[in-house]
Amino acid sequence: MQLLEQAQDGVRLSVVTPEAEVRAAADTAEVLILEFDAFRDGRGFSLAALLRGQGYKGRLIAAGKVLPDQARHLRRSGFDAVELAPGADAAPWRRMDQVFSAAYQSALGDDPLIWRRRRATPPEGVVALAARLNGELSDADPETILATVLDPALGRKAAAISSFGAEAAVLLHQISRVRRDLPVVFLETGQHFFQTLAYRRELADRLGLTDVRDVAPEPTDLSRIDPRGDLWRSRPDDCCAVRKVQPQQRALAGFDTRITGRKRFQNNQRAALPLFEIDGDVLVVNPLARWSPDQIETWLTEHQLPRHPLVEQGFPSIGCWPCTRAVEAGEGARDGRWAGQEKTECGIHDRILSPVC
């Protein structure tokens with residue numbers, strides 16, 4: 001990746017610029033300079049990946065508050081260069097950039113973009129890691145799995161995602177026993193049950209979790225795509241995309257390991273869920289994949305964990321209120337989600353590729 005003392009002429013935009021304005025600028029600008037307003041702000045990474053995904057072939061330059069240890073993620077997201085701050089030492093940037101050498105677009109334009117290639121052919125190192133861990137930890141308990149993944153010796157940067165739903169207390173409790181300061185991402189869609197929001201606060205306090213991150217949709221996206229807040233009625237997939245998928249992508253930019261609470265018993269789509277799988281070059285960890293409903297219930301009871309208040313009202317799986325109902329006798333745990341539709345998942349896990357292990 002090229003290091004610039006001062007960026008060449010181009011359109012300079014803050015990463016908080018509304019997406020529509022960035023797209024409009026990309027239609028005519030051969031060079032876009034995205035200015036990061038704060039360290040660790042994931043919006044710049046998301047904008048770059050979005051532009052590359054939509055076919056932008058111009059130069060993307062990162063500027064502002066960026067750090068050398070972000071070099072790999074900047075390149076991975078589609079940036080070609082970094083504008084260094086006045087007086088900044090270029091050596092740390094060069095060292096960090098050496099760990100990632102592939103180009104995002106060929107100078108001749110004949111090679112596919114990495115953002116396309118990485119979905120079909122994930123980096124071999126991550127595939128090998130997932131395969132090794134699936135073998136070594138096939139019989140391990142969830143806390144051992146978590147301790148292995150979160151061991152600094154493994155060199156992973158991990159975050160967990162949690163809906164703070166009916167069974168969330170089990171995984172979050174286990175995380176709290178291994179590493180209480182692990183980042184936990186909660187997608188605050190703006191359409192949760194009030195009980196879920198209260199439970200999120202209660203459970204985080206009870207477990208002593210110190211880095212729960214409430215991640216909301218971009219207001220500009222909602223005003224453009226779902227101005228009346230009723231997109232769920234006609235286009236539920238688009239509703240999930242703007243309220244969950246896109247916010248999660250922004251929140252997890254910079255993390256190479258993601259921990260989820262998914263389990264095999266929840267529905268047919270998850271019946272073969274492995275402990276470790278891959279999403280691009282991200283390691284996805286499912287510590288509770290093999291657990292049964294009885295094991296979940298036993299853990300909740302033995303550790304006297306607070307229950308989501310809607311569980312007693314017949315909600316074994318809880319999402320946003322417009323698309324979640326109580327289940328009837330004989331129905332599966334997730335049959336109350338998007339009832340009457342073919343839809344069974346919100347989309348935040350759809351791109352995962354499970355290695356053959």
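What percentage of the 357 residues of the chain count as buried? In this predicted model, 50% of them do, where buried denotes a relative accessible area under 20%, exposed over 50% and partly exposed in between, with a 1.4 Å probe and protein chains only. Residues are numbered from 1 along each chain as its sequence is written, and side-chain values rest on heavy atoms, hydrogens and water being left out. Because the model is predicted, local features need pLDDT of at least 70 and side-chain atom pairs count only at pLDDT 80 or more, whereas totals for chains, interfaces and linings use all residues.

The chain comprises 13 helices and eleven strands; these elements are DSSP runs numbered from the N terminus, helices being H or I with at least four residues and strands E with at least two. Among contacts (heavy atoms within 4.5 Å) between residues at least 6 apart in sequence, 70% join residues at least 24 apart.

Angles here run from 0 to 180 degrees between N-to-C directions, and axes are lines fitted to C-alpha atoms, for helices over the stretch in contact. In α2 (residues 43-53), the buried residues include G44, F45, S46, L47, A48, L51 and R52. The residue G55, which follows α2, has a positive phi near 95 degrees.

The loop between β4 and α3 (71-77) holds V66. This residue, V66, counts as buried, its relative accessibility being 10%. Although V66 and V82 are 16 residues apart along the chain, their C-alpha atoms are separated by 8.5 Å.

A second open sheet has six strands in the order β8-β7-β6-β9-β11-β10, and its pairing is mixed. Its edges are formed by β8 (212-215) and β10 (276-279); each has a single partner strand, so one side of each is left without a neighbour in the sheet. On average, neighbouring strands of this sheet are turned by 30 degrees against each other, direction ignored. Strands β6 (residues 158-161) and β7 (residues 184-187) run parallel and are joined by two bridges. The bridge partner of A160 in β7 is V184.

Two helix pairs involving α8 were examined. In general, the angle between the axes and the distance between the axes describe two packed helices. Helix α7 (residues 142-149) and α8 have axes that come within 10 Å and cross at roughly 50 degrees. This makes α7 oblique to α8, given that angles under 35 degrees count as roughly parallel, over 145 as roughly antiparallel, 65 to 115 as roughly perpendicular and the rest as oblique. The crossing of α7 past α8 is right-handed, a term for a near helix turned clockwise from the far one by less than a right angle, anticlockwise being left-handed. P142, E143, L146 and A147 of α7 make the contact with L171, Q174, I175, R177 and V178 of α8. By class, this contact of α7 with α8 has six nonpolar, one polar and two charged residues, with Ala, Val, Leu, Ile, Met, Phe, Trp, Tyr, Cys and Pro taken as nonpolar, Asp, Glu, Lys and Arg as charged, and the others, Gly among them, as polar.

Helix α8 (residues 168-178) also packs with α9 (residues 194-207), at an angle of about 30 degrees and with axes 10 Å apart. The helices α8 and α9 are therefore roughly parallel to each other, and α8 passes α9 in a right-handed crossing. On the α8 side A169, L172, H173 and S176 meet Y199, L203 and L207 of α9. The contact of α8 with α9 has five nonpolar, two polar and no charged residues.

Helix α10 (residues 219-225) contains D221. The relative accessible area of D221 is 2%, and D221 is therefore buried. Apart from its neighbours within four places in sequence, D221 is in contact with E19, D226, V242, Q246 and R250.

Definitions and conventions. Two strands pair if DSSP finds at least two bridges between them.
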